[in-house]
Amino acid sequence: MSTNTRAIAARVLANVMDNGQSLTVSLDNTLASVASHQDRAFIQMLCYGVCRHYHQLDALLDELATKPLKDVEIKALALIGLYQLKFMRVKPHAAVSETVYAIRKKTWAKGLINALLRTYLRETERLEALTADKAHSHPDWLLKRIRQDWPEQAEQILLANNQQAPMALRINRLKTDSDTYQQHLAERGLAADTVSFCPSALVLDKAVAVDELPDFASGAVSVQDTAAQLAAGLLDLQPGQRALDVCAAPGGKTAHILEQQPQLQALTAVDIDAARLQRVAANLHRLGLSATLVSGDAAHPQSWWNGQPFDRILLDAPCSATGVIRRHPDIKLLRRAEDISALQTLQQRILNAIWPLLAQGGLLLYATCSVLKQENEQQIQAFLASHADAEELPCPEDGWGIAASVGRQILTGESGMDGFYYARLRKI
């Protein structure tokens, strides 16, 4: 494989743009053969940046090109070049020459890319004015939905979606505490802030590789957004209870449940993807924890449930992931408007299928990493209307989120968190 970083980044992006592959998978498949840590970091920076600002860069490219670029890799290189010129500190002449140099066999494109990028440099002000309506860099359907659901907060959400997310840590309080771990970080020159409403969370001032975190390998800490860390506390876990984590992979919340309440009678973690369950197992092993892992379809529990009810159920439902766009900017390229209704139907099926597994008086926590009301409060409103044995148990107002008609909504960027929704349902 070529070691030209821009050429490699273009191939990664082409897999996302043309094949619908997730950016994470495309990068994982590609970076394993890139030896240099610095090169891997630069490729990631280019790919994440282009995806984050894709719709704005694409609008600029439409203004620059006399006709659409049909070759996906060449289009990706053009976007990479524009991203460097607009958002990075790469010297303009280097950005242009290195991007053109990345074109190897398709020599017909060298002059074209060179001309496009130099035209952008000459006519930046005019081109930026023509594409000003794309500055939010979201697909039109998502822009409309966010503004419809959150008219007062929409601009804040859109801005947050285009920022790099902070790195939040979850302290394993079975092994250490926040104060002690914060001191260990400081000894390594790493600064971190506590979160008033989430005792297990520390937020780093700057992201680092996990092998730079003190005692990461021995399970003292995990990487998990603060919003996701709220789940374990909202479950109100008690000693001796049986708990179920549905759609559990990659296992962050599974592990936190066990850290939060080590005296559970049992914890079962279910996921439909057996390969992703291996990640749950690996996470639990590193943390010195154990749970019963089951590969099964949450919508058909009869294939894996033994008939014993659970006192607590966490349903981290499949969703649009519109609350984690800043971590996965390719969502803006891959997600479609029609996906939302399909996901709503799937969520409804899983909710209806899992509810009978909850013991009388038990608590089910419904969670998504979405900011769309159709998947969140509207979903739970409909469930409550059709289930006479269900009632809402309000989430504690501990300084996070917005009270929805049912449950609480965290909007992307609030206290540095991902967008998340939680609703607590009790069986009566």
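Helices here are DSSP runs of H or I with at least four residues, and strands are runs of E with at least two, both numbered from the N terminus. The model is predicted, with local features needing pLDDT of at least 70 and side-chain atom pairs counting only at pLDDT 80 or more, while totals for chains, interfaces and linings use all residues. Residues are numbered from 1 along each chain as its sequence is written, and side-chain values use heavy atoms, with hydrogens and water left out.

Axes are lines fitted to C-alpha atoms, for helices over the stretch in contact, and angles between N-to-C directions run from 0 to 180 degrees. On the helix 12 side, Ala 228, Gln 229, Ala 231, Ala 232 and Gly 233 meet Lys 253, His 256, Ile 257 and Gln 260 of helix 13, where contact means heavy atoms within 4.5 Å. This contact of helix 12 with helix 13 is made up of four nonpolar, four polar and one charged residues. In this scheme Ala, Val, Leu, Ile, Met, Phe, Trp, Tyr, Cys and Pro are nonpolar, Asp, Glu, Lys and Arg are charged, and the others, Gly among them, are polar.

Two backbone details accompany this helix pair. Asp 236, in the loop between helix 12 and strand 5, has a positive phi of about 50 degrees although it is not a glycine. Pro 250 sits in the loop between strand 5 (242-246) and helix 13, and a cis peptide bond with omega of about 5 degrees joins Ala 249 to Pro 250.

Helix 2 (residues 23-31) and helix 3 (residues 37-52) pack at about 160 degrees, with their axes 11 Å apart. That angle makes helix 2 roughly antiparallel to helix 3, and their crossing is right-handed. Leu 23, Thr 24, Leu 27 and Leu 31 of helix 2 meet Arg 40, Ile 43, Gln 44, Cys 47, Tyr 48 and Cys 51 of helix 3. By class, seven nonpolar, two polar and one charged residues form the contact of helix 2 with helix 3.

For helix 9 (residues 140-149) and helix 10 (residues 154-161), the axes come within 8 Å and cross at roughly 140 degrees. Helix 9 is thus oblique to helix 10. Leu 143, Ile 146 and Arg 147 in helix 9 meet residues of helix 10 including Ile 157 and Leu 158.

On the scale of the whole chain, the assignment, which is automatic or from a database, gives domain 1 (5-134), domain 2 (167-223) and domain 3 (226-427). The C-alpha centres of domain 1 and domain 2 lie 35 Å apart.

Notes: Angles under 35 degrees count as roughly parallel, over 145 as roughly antiparallel, 65 to 115 as roughly perpendicular and the rest as oblique. A crossing is left-handed if the near helix is turned anticlockwise from the far one by less than a right angle, and right-handed if clockwise.
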